[in-house]
Amino acid sequence: MMKPFKAGITGTGSILPEKKLTNSQLESIVETSDEWIVKRTGIRERHILEDDVPLAKIAAEASVKAIEDAGLNPVDIELIIASTCTPDYLTPSLACTVQGEIGAKNAAAFDVNAACTGFVYALQTGRQFIENGTCKNILIVSAEALSRATDFTDRKTCVLFGDGAGAVILSKVDDGTGVEEACLGAVGDNADVLTLPCLYASDADIEKRNEGKKQVLWMDGSEVFTFASRIMSEATKNVLDSAGNEMGQIKYIFPHQANMRILQNAAKRLDVSMDKIYSNLEYTGNISSASIPVCLDEASKKGLLKKGDKIIMVAFGGGLTYGSALLTWSK
Ligand code: ACO
């Protein structure tokens, strides 16, 4: 049954911290080279949050930009869903801290954690509150400080990650635009290929890490790579089929920005040109759940997205998790 209204993206905002970490700087930290990193990942630099800046600060700044872009005031926001796997605090949640910082006093607030898939999980969750009539305007903010959970003596991971925040406003729209379909999934029995312990760590997880480095991200890169290469194309096809659309109708795919080779593999499997695949990882690295909303904000500000354009967002991440969403741009 056709719904009378949908949840559309009506505003975007993002922040990449000013401080940068280049490949050549990494050459002086671990045994690596600019050539290896560019060839194997496509990354040239990443942005790093200064030590004395809470993640919530850039999350709040990106949120304010998105609210302004949507032509709203913080008091118009009825719900804040934040996604992060690198929060400043477990409690208060990132969403509550943002709520207080920006003065969104009418908003309920909670966090979701689906690692790099967090934004797609948050979008699909937020969409339900709009479609069932509970809310008219929701803020979704994804912010990550992966540099704070990175072991800078482990060359297999430290070259990959960066920090940043991206936000969107999800509003009730009745013009045929908005989220059309989304699919979410998880493969919990593969959880141990990518872990970031918090208050507890198993003996196996402690053993995998360098001594004294409990709260750092560890992953089996090639296992994650294999999963990502398969799931990015499968999840894209799933959402395309459930929306009854053809790839020719899609203007851009916004994939999670982990590795250029993963994006190239996905493009090949989907038989689409790389021109259709938006990418900024060259200068952001992998910023986990913030990567898709940062890309959306960039593309929107560059004028690449027009009202009525169909796009697909697709992500994979720790958990393992994956998700995709197809929407018609509302702005
Ligand atoms: N510099 C130089 N050499 C390196 C580096 C480095 N930074 N890192 C690894 N190597 C070496 C390895 O030691 C290995 O050497 P060896 O053969 O002598 O043992 C060689 O390069 C090849 O290593 P691989 O791990 O096989 O390299 P691969 O081509 O698979 O690339 C990478 C590794 C980039 C990590 C890749 O596997 C990858 O991108 N995986 C996906 C990771 C990902 O996307 N994670 C996202 C989820 S994150 C989240 O959810 C929070």
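Trainee: Where does Leu320 lie?
Mentor: Leu320 is in the loop between β12 and β13 (321–328). Strands here are DSSP runs of E, at least two residues, and helices are runs of H or I, at least four residues, numbered from the N terminus. Gly319 and Leu320 are joined by a cis peptide bond, with omega about -15°.

Trainee: Before I go on, what kind of model is this?
Mentor: This is a predicted model: local features need pLDDT of at least 70, side-chain atom pairs count only at pLDDT 80 or more, and totals for chains, interfaces and linings use all residues. Residues are numbered from 1 along each chain as its sequence is written, and side-chain values use heavy atoms, with hydrogens and water left out.

Trainee: OK. What joins Thr91 and Pro92?
Mentor: A cis peptide bond, with omega about 5°. Pro92 is in the loop between β4 (79–83) and α4 (94–102).

Trainee: And what is the phi of Ala115?
Mentor: Positive, about 50°, although Ala115 is not a glycine. Ala115 sits in the loop between β5 (108–112) and α5 (118–131).

Trainee: On to the ligand. How many residues surround the ligand?
Mentor: 28, and the closest are Thr32, Arg40, Cys116, Arg155 and Asn259. A residue counts if one of its heavy atoms lies within 4 Å of the molecule.

Trainee: Which element gives the most to the shell?
Mentor: α8, with 4 residues. Elements that supply at least two residues each include α8 (221–242), α2 (34–41) and β12 (310–317). Domain 1 (6–176) and domain 2 (180–328) each provide at least three. Those bounds come from an automatic or database domain assignment.

Trainee: Which oxygen distance do you get for the side chain of Asn259?
Mentor: An N or O atom of that Asn259 side chain is 2.7 Å from a ligand oxygen. Polar contacts here are N or O pairs within 3.5 Å. Arg261 has a polar side-chain atom 3.3 Å from a ligand oxygen. For Trp36, a side-chain N or O atom is 3.4 Å from a ligand nitrogen. The protein covers 77% of the 1,000 Å² of accessible area that the ligand has on its own, by the Shrake-Rupley method with a 1.4 Å probe.

Trainee: Last topic. What sits over the ring of Trp218?
Mentor: The charged end of Lys208, 4.3 Å from the ring centre. Lys172 lies over the face of Phe5, 4.2 Å from the centre. The cut-offs are NZ of Lys or CZ of Arg within 6 Å of the ring centre and within 35 degrees of the ring normal.

Key: A polar contact is a pair of N or O atoms within 3.5 Å; within protein, one must be able to donate a hydrogen and the other to accept it, and residues adjacent in sequence count only if both atoms are side-chain atoms.
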